[in-house]
Structure formats: C-alpha cells, structure tokens
Amino acid sequence: MRIILVTGLGGAGRTTVAAATALAEARAGRRVLLVSEDAEGVEDTGGLAGYGDLRVLRPEPAADFRREFLALQARSGTALDLLGAAPFEDAELTELPGSRPFALLRALREAAAGDHELAVVDLPPLPEALALLALPEQLRRYLHRLLPPERQAARALRPMLAQLAGVPMPAQWLYGTTARWEAELAAVQAVVEDPATTVRLVLEPGPAATRALRTARLGLALHRLSLDAVVANRLLPAGSEDPWLAGLTAEQHRHLAELRTGAGDALHELPHLGRAPRGADDLALLAPARPCAASAPVPEWTVEDRRDEDGVLVWHVPLPGAAKEELSLVRRGDELLLAAGPFRRNLPLPGALRRCTVTGAGLVDGDLRVRFTPDPGLWPRTS
C-alpha cells in the first residue's frame with residue numbers, strides 16, 4: 001500500500017492539497033483513506049467521506065489520551081492499590097500537552113493496517129511534522145537505554161534476584177508496558193521507513209518557501225524519507241492589467257523560479273482559485289500529479305573501502321542542501337551523533353565501522369563523507 005504524508009509551511013494549503021489528492025485517486029477507482037485532524041474542514045469542502053472508495057479518518061488526541069491512560073492505570077492497578085492511590089475516572093481526565101503526536105502516529109499505524117490502496121495523511125506544519133516522523137526511532141532508543149532488552153530477559157528471575165541482591169527489581173507491569181510500547185513504536189517506524197511511504201511538500205511561493213524546501217530536503221535525507229513532490233500552491237494568474245496584482249504576481253513568480261531550481265521535475269504548480277475551495281469540483285482543480293509515479297529513490301548510505309589506497313573506510317551519508325558550518329559529529333560508542341542544521345540523529349554505525357576510529361569528515365556536493373581508520377590488527381594492509 002502507498003502512503004503519502006502531506007506537510008509544508010503553515011497556511012500553505014496542506015489540508016486542501018491532501019484532500020484534493022485523495023479525491024483524485026478515489027475518482028480514479030482506488031480505495032483511499034484520508035487521515036486529517038481537520039476532517040470537519042475537509043467535510044465542509046464537499047462531504048468527501050463516502051465519495052467512491054474514499055474514507056476519512058480523524059485522529060482524536062483527547063479520546064486517544066484517555067484510552068491509553070486508563071489502560072495503563074488498569075495494568076498498574078496492583079501497584080496503585082499498594083500505594084493507596086485513588087484511580088481516575090474517564091470523565092475527569094483532560095488531554096495533556098504532547099498527546100497530539102501520539103494520536104497521529106497511532107492513526108498512521110491504523111492507516112497502514114487497513115485494506116486501502118492509498119493513504120493520504122495530512123500532517124502538521126513542516127518543523128512539527130519532521131519531529132513527529134523522527135519520534136518513533138527516538139523513543140525506541142530511549143527505551144533501549146532505560147530498560148535494555150537483556151535486563152528485561154531477567155524478569156522471570158526478579159523475585160530471586162531481589163532477595164540475593166537486596167535491590168528492588170522493576171515490577172512485571174513495567175516490563176510488559178515497555179514491551180508493548182516497543183512493539184507499537186517499531187510498527188510505526190516500519191511504516192515511516194517503508195519505501196512506499198513518501199512525503200509531499202506544500203509551499204506557497206514567497207520569501208520563506210526556498211528556505212523551507214532546503215530545510216525539508218535536509219531533514220528528510222537525515223531520516224531517510226523520500227520526497228514525493230513539491231507543490232507550489234495558490235499561484236496568481238499572470239498577465240493582469242491591474243498594477244497591484246501584477247506586482248504581487250511578479251514577486252511570487254520570482255520565488256517560484258527559485259523553487260523550480262531547487263525542486264526540478266518534482267515541482268507541481270497549482271492555481272489560486274480566487275476563493276476558498278468549496279466542493280469536489282474545486283478540489284478537482286487542485287489535485288497534483290498522480291502519486292503512482294515513481295518517486296526519487298532515497299540515496300544509499302554506502303561504506304567505501306579504501307584500505308588498498310590510504311588505509312581508511314569512508315561512510316557516505318547524503319545530506320542535500322547541508323552547509324559545512326551547520327554540521328557536527330560526535331562518536332558515542334557504536335553510534336554517531338550527527339547534527340545537521342536544526343536536526344539531530346543518532347546513527348548506528350555499520351558493523352564494519354564499529355571497531356574503527358573517526359579520523360575526519362568532509363562535505364562534497366551534499367555528500368557527507370566520514371573517514372574511519374580501522375584499529376590495528378583488525379584488517380591487515382595489503383602490500
């Protein structure tokens with residue numbers, strides 16, 4: 001199944017483009033699921049739910065938070081009873097800040113598990129969307145550090161170990177909860193990293209659009225996500241005799257030319273309708289190119305063996321749009337902490353590099369090249 005994640009600058013028309021994409025595919029005879037927090041707004045554009053094989057799913061962070069909190073409370077009931085804690089009722093629970101990303105991730109997992117041919121997911125604005133897509137991997141890393149799998153394997157021996165060591169061992173419910181979270185996060189991460197999952201970027205040509213495109217390309221490359229298309233939305237008509245409108249159009253088209261340079265063939269242009277889109281007919285005018293076209297493949301992160309030449313291995317990490325001054329590398333055990341602009345990621349080192357020492361790094365045409373020297377005796381130099 002194909003999944004298209006739609007994001008972009010705030011106010012650029014992400015939800016409209018997502019709805020137009022879903023509607024166009026449903027009209028073409030495909031089974032489509034549109035996931036959008038603004039499902040009510042989408043419905044107002046013409047009642048898309050039930051159009052052909054198009055369904056609309058609306059994540060509900062408040063209900064999702066209450067459900068998960070009550071489930072956790074039920075699983076830890078014994079511990080709460082020992083503490084004399086009074087359990088919460090459904091009616092008194094209020095959604096906490098931070099609940100929204102988890103509701104979106106669960107909706108993404110649900111969309112991937114459905115029987116649809118295509119799921120179009122309306123994500124938050126670009127910075128929040130990139131943080132959201134990185135969240136499953138980050139949380140799994142935190143869980144592995146706080147409760148390593150080898151420690152969980154000892155849970156059957158917990159009572160005996162507690163008596164021998166005199167140190168309390170984590171309760172069984174903690175291990176069970178951690179395992180469940182790990183499984184859920186792994187499932188969402190698999191959806192995000194699936195080659196059939198792509199990102200569609202919606203921008204309104206203007207001063208911030210080119211910077212947003214560069215930021216998006218860098219963030220997507222760091223997290224190994226494929227860019228499906230760049231949509232230049234709300235383009236004003238050229239050739240107006242009104243000086244005021246002609247000036248706005250000229251400025252917009254200057255920024256559009258910059259987007260064409262940065263996006264190339266991935267750029268799709270949509271007109272400004274002169275009104276807010278209303279109904280399926282308006283959305284039909286705003287559908288980008290069909291998503292069945294193959295998206296650009298994500299470049300491989302290869303390890304180049306130069307031991308015959310200068311005794312080093314070179315790890316190639318493609319980072320299009322990166323600048324040397326915004327990159328930093330720190331080695332932490334078997335991981336490489338890479339900061340690229342506003343993004344950070346802990347990269348597990350390929351097996352061949354784990355017994356090597358980082359000896360340098362450089363950026364060549366958007367390709368970060370990290371040099372490693374093998375430890376003595378690991379690989380003998382050939383003569």
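pLDDT is the predictor's confidence in each residue, from 0 to 100. The exercises below concern a predicted model.

**Exercise 1.** State the mean pLDDT of the protein, and identify what the model has for residues 379–383.

*Solution.* The protein has a mean pLDDT of 82. A value of 70 or more is reached by 82% of its residues. Over residues 379–383, pLDDT stays under 50. For this stretch the model has nine contacts beyond four places in sequence.

**Exercise 2.** Determine what span helix H10 should have, and compare it with the distance between its end C-alpha atoms.

*Solution.* Helix H10 comprises 14 residues, 209–222. The expected span is 1.5 Å times one less than the number of residues. For H10 this gives 20 Å, and the end C-alpha atoms are 20 Å apart, so the two agree. Among the buried residues of H10 are Ala-209, Ala-212, Leu-213 and Ala-216. After the helix comes Arg-224, with a positive phi near 60°.

**Exercise 3.** Classify the exposure of Arg-331, and describe its surroundings.

*Solution.* Arg-331 has its place in strand E10, residues 327–332. Beyond its neighbours within four places in sequence, its contacts include Leu-336, Leu-349, Val-358 and Phe-372. Arg-354 and Cys-356 are also in contact with Arg-331. The Arg-331 side chain reaches the backbone oxygen of Arg-354 at 3.1 Å, and one of its polar atoms lies 2.8 Å from the backbone oxygen of Cys-356. Leu-347 is 16 residues from Arg-331 in sequence, and their C-alpha atoms are 9.6 Å apart.

Definitions and conventions: Residues numbered from 1 in each chain as written. Predicted model: local features only at pLDDT ≥ 70, side-chain atom pairs only at ≥ 80, totals over all residues. Heavy atoms only, no water. Contact = heavy atoms within 4.5 Å. Helix = DSSP H or I, 4+ residues; strand = E, 2+ residues; numbered from the N terminus. Buried < 20%, exposed > 50% of the residue type's maximum accessible area, 1.4 Å probe, protein only. Polar contact = N/O pair within 3.5 Å; in protein donor to acceptor, adjacent residues only side chain to side chain.
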